[in-house]
Amino acid sequence: MAELESLVQRLEAVVGRLETLPALGGSTGEAVSEYVEAFDGIISGPVTQYCSLSQKIGGDVQKHADLMKEAFSRERQILVTASTSQKPTDDVLQRLIKPIGKSITQMQEFREKNRSSEFFNHLSAVSESVPALGWVAVSPKPVPYVKEFQDASMFYTNRVLKDYKEKDKTHVDWVKAFNSIWTEMQNYIKDYHTVGLVWNKSGCVASAAPAVGCVPPPPCAPPPPGPPPPPMAVCESGASDSGPDRNALFASINQGAAITKGLKHVSDDQKTHKNPALKAQGGPTMRSGPKPFSASPKPAAPAPACTLPPVLELEGKKWKVENYEGSHDLVIRNTELKQVVYAYKCNKSTLRIKGKVNSITLDNCKKLGLVFDDVVSTIDVINCKDIKIQAMGAVPTISINKTDGCHVYLSNDSKQCEIISAKSSEMNILIPKEDGEFNELPVPEQFKTQWDGTKLVTTATEMAG
């Protein structure tokens with residue numbers, strides 16, 4: 001009976017030890033660490049909700065969400081590898097995260113190929129933020145890295161909210177689910193990877209070989225033998241520096257200050273720095289040693305930039321103006337109230353819009369001049385440089401985002417226009433005066449925020465200097 005009780009106790013101890021082993025992840029049998037399980041919570045939570053709402057919206061949004069789901073699956077594989085492996089070299093790490101980079105590129109290319117999509121703002125919001133998945137290679141501040149890309153998508157999510165707030169609640173819920181992905185991601189990184197992706201110091205050696213997460217560390221082996229001793233110096237006669245020659249060398253060194261007695265005295269007339277005539281003749285020709293190796297390969301010529309054909313056409317209700325360079329005769333006529341104008345990558349050009357349109361967007365343009373009659377909703381300027389806008393009629397709102405250099409000439413009918421700016425510089429608003437001239441006023445770029453006891457109060461400050 002005592003033997004049976006002892007056997008039962010041993011079996012219970014074995015079961016207890018088995019219960020402490022890591023849980024198995026799915027049907028693959030992989031050991032899932034705590035931070036992989038936490039990441040699974042993000043996938044099963046906000047990511048799944050975002051994909052479900054994307055499927056409900058359908059079309060390009062659903063296709064984009066499928067790519068997003070695949071990107072998170074690849075991210076999870078990196079975390080699984082890190083949880084069982086030692087930190088690899090930078091070269092191996094780059095190969096490990098290459099699938100994530102491929103997913104990011106696919107999603108951004110999908111957005112570029114579907115610029116005419118009715119869900120372009122949805123696609124842009126996702127494309128602007130998805131590079132945040134690269135935090136696995138960022139150290140020591142991955143959280144600000146993720147937040148930066150979340151902020152970059154805010155411009156487009158706000159536009160989705162503006163377009164659908166009163167039309168379809170599904171799109172509003174879609175924005176909330178999408179934003180919560182990156183909010184939860186930041187909280188997750190704070191909890192598990194504060195200063196960078198955590199690797200398993202006692203794990204195997206990470207490898208970028210296909211279908212192999214890591215390889216066992218090599219067995220301990222005695223260190224390789226050191227290099228052979230250097231050969232002994234040999235004088236010109238071929239004798240080694242031993243015996244009498246060596247004793248003579250030490251005797252010479254031990255002379256101390258007397259060692260200089262054998263040197264020849266040089267008079268002032270033989271010194272170059274005290275005899276200009278001798279200096280002008282130049283010193284004896286010295287044999288130069290071998291020149292350092294400088295046959296570095298010439299840098300490869302940069303590949304020619306891919307130039308896309310210019311486009312000015314009406315597609316549905318959208319006027320597309322794209323890829324113009326140095327064109328100052330661009331004119332859009334016969335406009336309608338429901339039409340929108342989208343100008344993309346137009347440089348050193350001038351665009352004239354006649355009639356009344358719903359909205360105008362300038363995206364990635366440089367040194368572009370825009371002249372328009374009337375706009376019903378907004379003019380959006382994003383990722384531009386050195387833009388000039390002139391209103392001939394009325395416009396309620398002008399939004400300037402991530403733009404360096406923007407001059408806005410208002411008309412008498414647009415003096416009440418609201419100017420909304422973020423992450424932009426060198427913005428000036430020109431107000432018409434009675435004599436036909438303009439009064440130029442800069443938009444503040446520097447602000448001061450103080451606590452007044454109940455809330456934060458922010459005021460514009462003058463630029464110093």
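View 1. Phe-39 has 0% relative accessibility, so it counts as buried (under 20% relative accessible area; exposed is over 50%, partly exposed in between, with a 1.4 Å probe and protein chains only). Phe-72, at 1% relative accessibility, counts as buried too. This is a predicted model: local features need pLDDT of at least 70, side-chain atom pairs count only at pLDDT 80 or more, and totals for chains, interfaces and linings use all residues. Numbering starts from 1 along each chain as its sequence is written, and side-chain values use heavy atoms, with hydrogens and water left out.

**View 2. Aromatic pairs.** There are 14 aromatic pairs in the structure (rings of Phe, Tyr and Trp, the last by its six-membered ring, with centres within 6.5 Å; planes under 30 degrees apart are stacked, over 60 edge-to-face, the rest tilted). Phe-39 and Phe-72 make a stacked one, at 6.0 Å centre to centre and 20° between the planes. That pair ties together distant parts of the chain, with Phe-39 in helix α2 (residues 34-57) and Phe-72 in helix α3, 33 residues apart (helices are DSSP runs of H or I, at least four residues; strands are runs of E, at least two; both are numbered from the N terminus). Tyr-145 and Phe-149 go edge-to-face instead, at 5.1 Å and 70°. Both sit in helix α7 (residues 142-164), 4 residues apart, or about one turn of the helix. Tyr-145 is partly exposed, with a relative accessible area of 24%.

**View 3. Helices α3 and α5.** The axes of α3 (residues 59-84) and α5 (residues 98-113) come within 9 Å and cross at roughly 170° (axes are lines fitted to C-alpha atoms, for helices over the stretch in contact; angles run from 0 to 180 degrees between N-to-C directions). That makes the two roughly antiparallel (over 145 degrees; under 35 is roughly parallel, 65 to 115 roughly perpendicular, the rest oblique). Among the residues that meet are Leu-67, Met-68 and Ile-78 in α3, and Ile-100, Met-107 and Phe-110 in α5 (contact means heavy atoms within 4.5 Å).

**View 4. Helices α6 and α8.** Here α6 (residues 120-129) and α8 (residues 169-192) have axes that come within 12 Å and cross at roughly 0°, so they are roughly parallel to each other. His-122, Ala-125, Val-126 and Ser-129 in α6 meet His-171, Trp-174, Phe-178 and Trp-182 in α8.
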